[in-house]
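Have the structure open as you read.

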Amino acid sequence: MIGESVRRGEESAVPITNQQVLGHAFLREMFDDSYFPDRIVERGRGILLSLCERIEAERPSDLEALYALTQAATEEFNLLDREFMAAGSGIETVAREWICDEFCFVASAYEFTDADAEELTAGRDW
């Protein structure tokens, strides 16, 4: 359920309270496209929810602190892309845009409206 930790089955120390995040359907386009296996997309959704949990727990005070958190999430997506490829899929152009849009949504939801879209996922290899 949204608001609960989906990261490796662990309980979240800080449940998500941001109402924009709680009402958002992360990676909806990927779930709607049969090219992307739902079980792997669900893991991507978990990465994004874990990012939100970390933002709420750590409360980054500036963009540099936010970027440190988004880079960690980007590295998790780098690993997830290998799972997509093993399943005959992959994070290609349109999926890359969808995922980057989700990172921008998260930044905006936590009032980092001046976050640079490219910097949020600067470490991506997809």
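## Helix 3 against helix 5

In this predicted model, helix 3 and helix 5 run roughly parallel to each other. That label follows from the angle: their axes cross at roughly 20°, and anything under 35 degrees counts as roughly parallel. The axes of helix 3 (residues 38–58) and helix 5 (residues 93–109) come within 11 Å, and the crossing of the two is right-handed.

Who makes the contact? On the helix 3 side you'll find L48, L51, C52 and I55, and helix 5 brings E102, F103 and V106. Sorted by class, that gives six nonpolar residues, one charged and no polar ones.

Helix 4 covers residues 63–86, 24 residues in all, and spans 34 Å from first C-alpha to last, close to the 34 Å expected at 1.5 Å a residue.

## Two positive phi angles

L27 isn't a glycine, yet has a positive phi of about 60°. Look for L27 in the loop between helix 1 (19–22) and helix 2. L27 is buried, at a relative accessible area of 1%.

R59, also not a glycine, has a positive phi of about 45° and sits in the loop between helix 3 and helix 4. Buried or exposed? R59 is exposed, with a relative accessible area of 62%.

Methods:
Residues are numbered from 1 along each chain as its sequence is written. This is a predicted model: local features need pLDDT of at least 70, side-chain atom pairs count only at pLDDT 80 or more; totals for chains, interfaces and linings use all residues. Side-chain values use heavy atoms; hydrogens and water are left out. Axes are lines fitted to C-alpha atoms, for helices over the stretch in contact, and angles run from 0 to 180 degrees between N-to-C directions. Helices (H or I, at least four residues) and strands (E, at least two) are DSSP runs, numbered from the N terminus. Angles under 35 degrees count as roughly parallel, over 145 as roughly antiparallel, 65 to 115 as roughly perpendicular and the rest as oblique. A crossing is left-handed if the near helix is turned anticlockwise from the far one by less than a right angle, and right-handed if clockwise. Contact means heavy atoms within 4.5 Å. Ala, Val, Leu, Ile, Met, Phe, Trp, Tyr, Cys and Pro count as nonpolar, Asp, Glu, Lys and Arg as charged, and the others, Gly among them, as polar. The expected span of a helix is 1.5 Å times one less than its number of residues. Buried means under 20% relative accessible area, exposed over 50%, partly exposed in between (1.4 Å probe, protein chains only).
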